[in-house]
Amino acid sequence: MVKNKLIKVIFFDIGNVLLRIHPERMISEISTCADIPYDVVENAFPYDAHDTYERGKMTDYDWYISCKNALPINNSLTENQFWKSWSMLLGNETDVVDILIKLKKNYKIWLLSNTNPMHIKNEIEGKYVFQKLVDDAIYSYDVGYRKPEKEIYQIACDHAKV
């Protein structure tokens with residue numbers, strides 16, 4: 001591979017790029033734990049709260065409460081059950097990691113991802129190959145912006161000095 005001198009940094013996303021994402025596993029686990037039909041759980045996902053959570057403007061506990069409250073009243077979903085279910089969203093690494101490994105020989109590699117602290121700190125750090133190969137990362141929950149907002153790209157470029 002010949003290095004392109006114009007390219008200084010290559011940014012990779014995590015979800016459905018470096019890692020397979022399985023919302024159906026998370027939904028199924030919540031459905032089982034709370035004894036609520038799968039389709040009810042699936043249709044109750046609190047997208048606005050999720051956006052807020054991935055911007056770092058909501059605590060982990062508040063995210064759990066938002067999800068629990070989005071479900072039918074008097075559900076039995078505990079916080080431990082929720083976080084176990086939430087962790088099931090993340091799957092195996094994809095073949096894109098092989099591309100990252102090859103590019104790493106000639107370029108700086110950064111992550112740029114809409115994500116949340118629970119997935120990064122409890123599920124990704126130390127568990128996946130790609131995490132050990134990157135030079136740095138910009139996460140939406142750290143900077144308050146989400147892709148495709150231009151601000152997150154500007155912050156990423158500023159931090160990477162490109």
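In this predicted model, K147 and D13 form a salt bridge, with the closest N and O atoms 2.8 Å apart. K147 sits in the loop between α9 (140-143) and α10 (150-160), and D13 sits in the loop between β1 (9-12) and β2 (19-21), so the pair ties together parts that are 134 residues apart in sequence. K147 counts as buried because its relative accessibility, 18%, falls under the 20% cut-off. D13, at 22%, counts as partly exposed.

The structure holds 8 salt bridges. Another of them pairs the side chains of E29 and K84, at 3.2 Å from N to O. This bridge also links distant parts of the chain: E29 belongs to helix α1 and K84 to helix α5, 55 residues apart. E29 is buried, at 16% relative accessibility. K84 is partly exposed, at 49%.

R55 and E149 form a further salt bridge, their closest N and O atoms lying 2.7 Å apart. R55 has a relative accessible area of 18% and is buried. E149 has 25% and is partly exposed. This pair does not stand alone. Salt bridges with shared partners join D51, E54, R55, R146 and E149 into one network.

Nonpolar packing was examined next. The largest nonpolar core has 22 residues, of which W63, F82, W83 and W86 touch the most other members. Helices α1 (23-34), α3 (47-54), α4 (60-70) and α5 (79-87) each supply at least two residues of this core. The most come from α1, which gives 5 residues. Leaving aside residues up to four places away in sequence, W83 touches Y53, D60, Y61, W63, Y64 and M118. Another core, of 20 residues, lies apart from the largest one; its members include F12, L103, Y128 and A137.

At the level of the whole chain, there are 10 helices and 5 strands. The C-alpha atoms fill a box of roughly 60 × 30 × 25 Å along the principal axes. Of the 162 residues, 45% count as buried. Among contacts between residues at least 6 apart in sequence, 73% join residues at least 24 apart. The chain exposes about 9,100 Å², and carbon and sulfur atoms supply 52% of that area. It carries 20 positive and 23 negative charges, whose mean positions are 11 Å apart.

Technical notes:
Residues are numbered from 1 along each chain as its sequence is written. This is a predicted model: local features need pLDDT of at least 70, side-chain atom pairs count only at pLDDT 80 or more; totals for chains, interfaces and linings use all residues. Side-chain values use heavy atoms; hydrogens and water are left out. Helices (H or I, at least four residues) and strands (E, at least two) are DSSP runs, numbered from the N terminus. Buried means under 20% relative accessible area, exposed over 50%, partly exposed in between (1.4 Å probe, protein chains only). Contact means heavy atoms within 4.5 Å. Accessible areas come from the Shrake-Rupley method with a 1.4 Å probe; for residues, only the protein chains shown count as cover. Lys and Arg count as positive and Asp and Glu as negative; His and the chain ends are not counted. The place of a charge is taken as NZ of Lys, CZ of Arg, CG of Asp or CD of Glu. A nonpolar core is a set of buried Ala, Val, Leu, Ile, Met, Phe, Trp, Tyr and Cys residues joined through side-chain atoms within 4.5 Å. A salt bridge is a side-chain nitrogen of Lys or Arg within 4 Å of a carboxyl oxygen of Asp or Glu.
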